[in-house]
Amino acid sequence: MVFSSIPFLYYFLPAVIISYFLMSWLVSGAVRLFGGSERTGHKASIFTKNLILLLFSLLFYGWGEPVYVFLMIGTILMFWGCGIAIGASKTQGMRLFWLIVSIVVSLGLLAYFKYTNFFIDNFIKITGMSIPLLNVIMPIGISFYTFQCLSYTIDVYRGNVKVQKNPMYFGTYVALFPQLIAGPIVRYIDVEREINDRQHSMEMFRLGVRRFMVGLGKKILITNNIALLINAFRDAVGISQGSVLFYWMYALSFTLSIYFDFSGYSDMAIGMGKMFGFNFIENFDHPYMSKSIAEFWRRWHMSLGFWFRDYVYIPLGGNRVSKSRWVFNTLVVWLLTGMWHGANWTFILWGLLYAVCLLIEKFVPAIKKLPAALRHFYTFFLVMLGFVLFNAKDMGQAGSDIACMFGFGNLPFVNDVTLYYLRSFGVLLIVAIIGATPLLKNTANRLAESPRWATPVAILECLFLVVLLLICTGFLVDGSFSPFYYNNF
Amino acid sequence: MKNKIYAVGITAFVLIWFALAGFSWFGPKQDVSLSERRKLEQAPELSIQTILAKDVKDDDGNIVERNSFMSKFELFTLDQFPLRDQFRQVKSIFQFYVMQQKDNNDIYITGDYAAELLYPMDTLQVEVNSSVMQKIYDKYLKGRANTYVAIVPDKGYYLAQQNGYLSLDYRELFDKIEDGVKDVDQEGKNKIQYIDLTDSLDAGSYYYTDTHWRQEKIVPVAQKLAEAMGTTVQPESAYTKELVENPFYGVYYGFAALPMDPEQMYLMHSDVLDGCIIKNPETGAAIPLYDMAKAESNDLYDIFFSGNQPLIQIENPKATGNKELVVFSDSFGRSLVPLLTQGYRKITVVDLRLTSYLNLDHKLFLRRPDVLFLYSTISLNGAIAR
């Protein structure tokens, strides 16, 4: 089940919201009715809320692949047990032992489900031996929730968080459906307080709804429509109707599409988190406004960046080491970042491309002195090229796509097919480019803060959300074309 | 003040959202979609077996066969969403007029016309279709029938490129059929004659919202065919037009989901047409020329011969000679063939989508009939035979 679908929007989410607030209110009311204190009633309410979220989250997860619910439950119990064991260990050695167990299990799960076929396939290519592929089906969201579980055991080991003694509460954290399959990668330390106790308010719920709807709009109105252009591009190339311009349109389209897709999902996750009283970390900060690759990765998929920084880069020594060691650390982190995104050489190369860019930026300080516009341009250009590599099905296609972009594909610069799709999707691309900047958000915020415009903006905002809901519903009802690029992670 | 507005706004939003959700859960369910001309998905069976059942997916991960409860439920929620047609219209209006996209679900609007984006050419399918026609010729017609091929251009031929829309290369399609269906004699001449219909039609020959042509506009087509086949048809003045009272919403009306006005459908009558005897030659069951009961259905074009039939036999007692005609055709033939009746004692219409071309009755070709392959570009870019 994806967020941008009728079953989720009109069946699952309303059912969760109703159950969540109604059941917790009934339970806390019952506790007080039978003589319990306000505090006991509140605790019972939190317990009920977490239980509702866990049950619905397991239903959500099982909807995609019922059998893997047991894997999810097993993972929850395993990591909860490791946390208990780390907390109960009397010696540093035992604490480390249980941490290593959790690392081995999580990375083992990831390696098996995500990389087995990749390793076997490459082994066959290198050795020429004939080995059957296992055709392992990857559980949805495994890249996200294994990292979340690891963050818990590492932070328990470091003493940054208390051991969560309630397995149901821990399960709620791991399986929490808003961020389960597509992030942000919510670390336990960020939600520890809210898992155990959280408050709600009409304002928080409203902000959550608004954020969710913005994300839904990004996904349905922009991403899904740009995907039509991307499909048209591949169809045109397939019948030798590509052109150099069409390749650049494709590169720009995918670059915009993946941003709106992923940030849209993050917005929905953060919005739903707010509805249920959680404050998840931000995941995107207008990354295409960056003026360096380093800045780009401080604005793109920030939760992943923080995770690798805190659990891989810094433990390796970060940048407080010799130059050669720092280069090594950088390459390791970006190799892993690339691999995290998928079991394909294109992702690994994509990650290493960024490592090289970061190293160049570090070792060529003159880059920072370039005019801002030029820095902005080269950053976006490299990011766009990177995404062409990212979206290619294999290295062959990546090479072909990039070659054709630069005129080495024996293609005309433009043709009728390209012009047709440029005319058809031009408005959408312009809207997407503007939407990728902070212009709209800043304008809306400035107006909202102005005494003169605050009331009209408030009215418009409410109307906008209703209209957005109706339009998005129209798109959903009309078809089921709704791919999510990061669903494979 | 602002806070009050937000409080009212979020309440209204949640009420609308949950109201739609409530109607989705508990509202009445529909069996068919009149606008889309198909059955709607009903609530799937819930059981352990259906929960654990596996969907069949293609290489891209798209579901090609729904077996699991979850995927069937998702389709059910789409099909049974309240005010479904209205929401589809909202989407179309937004896509066409706000986002300025040129087509929606491969349907484009130009002037008053809705048309299908027929692009790109499915070269393999066109070749398959020409080989089907060649096989029929080789097996049944060679040396036994005067064979003709006429391709009906879809309205995109007259609208697409002129208005900046993509279309297949019609010339290439015509050439592929001509090269693929032939019987060249010793002088190098093709015994199968090709009849070009492109100059007998224009955009106005077609319904605004439907694939098909208007029967009252295709007398020139019948004349051209008759001339090529050495026969005659009644002049336009011999016909009277009957207006079908029910409004006609063509197939593109539903697909485009845009607010469009319905059209009027006219049926042609003449003394020759009205005197014809029409039946299924295999079963003997009578087939009406114009089945007015279909005027109540969601596809008025089914008035012609009561919809697609595997075989239709038309006998004309008022024919001047004993010529016979066999027409292999798609649905376009249903409105055209009645206009050819004057010149033939008997016309048999064959729909290869509903009957196998491998087992045709040889008696159809005993009396050296004229044989006409009449297919639209839409069919030729798809499948003309099962």
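**A tour of the interface between chains A and B**

Begin with both chains in view: between chain A and chain B there are 13 residue pairs in polar contact, both residues being at pLDDT 80 or more, where a polar contact is a pair of N or O atoms within 3.5 Å, one able to donate a hydrogen and the other to accept it within protein, and where residues adjacent in sequence count only if both atoms are side-chain atoms. This is a predicted model, in which local features need pLDDT of at least 70 and side-chain atom pairs count only at pLDDT 80 or more, while totals for chains, interfaces and linings use all residues. Residues are numbered from 1 along each chain as its sequence is written, and side-chain values use heavy atoms, with hydrogens and water left out.

Next, select helices H1 (6-33), H9 (202-238), H17 (416-435) and H19 (454-478) of chain A, each of which supplies at least two residues of the side that touches chain B; helices are DSSP runs of H or I, at least four residues long, numbered from the N terminus. The largest share of that side, 17 residues, comes from H19(A).

Now show Lys54(B) and Glu65(A), which form a salt bridge with the closest N and O atoms 2.9 Å apart, the term meaning a side-chain nitrogen of Lys or Arg within 4 Å of a carboxyl oxygen of Asp or Glu.

Finally, move to Arg84(B), which lies in helix H4 (residues 84-98) of chain B and is buried, with a relative accessible area of 8% (buried means under 20%, with a 1.4 Å probe and protein chains only). Leaving aside neighbours within four places in sequence, Arg84(B) is in contact (heavy atoms within 4.5 Å) with Val477(A), Glu36(B), Arg38(B), Leu78(B) and Asp79(B).

Definitions and conventions: Chains lettered and ligands numbered in written order. Buried < 20%, exposed > 50% of the residue type's maximum accessible area, 1.4 Å probe, protein only.
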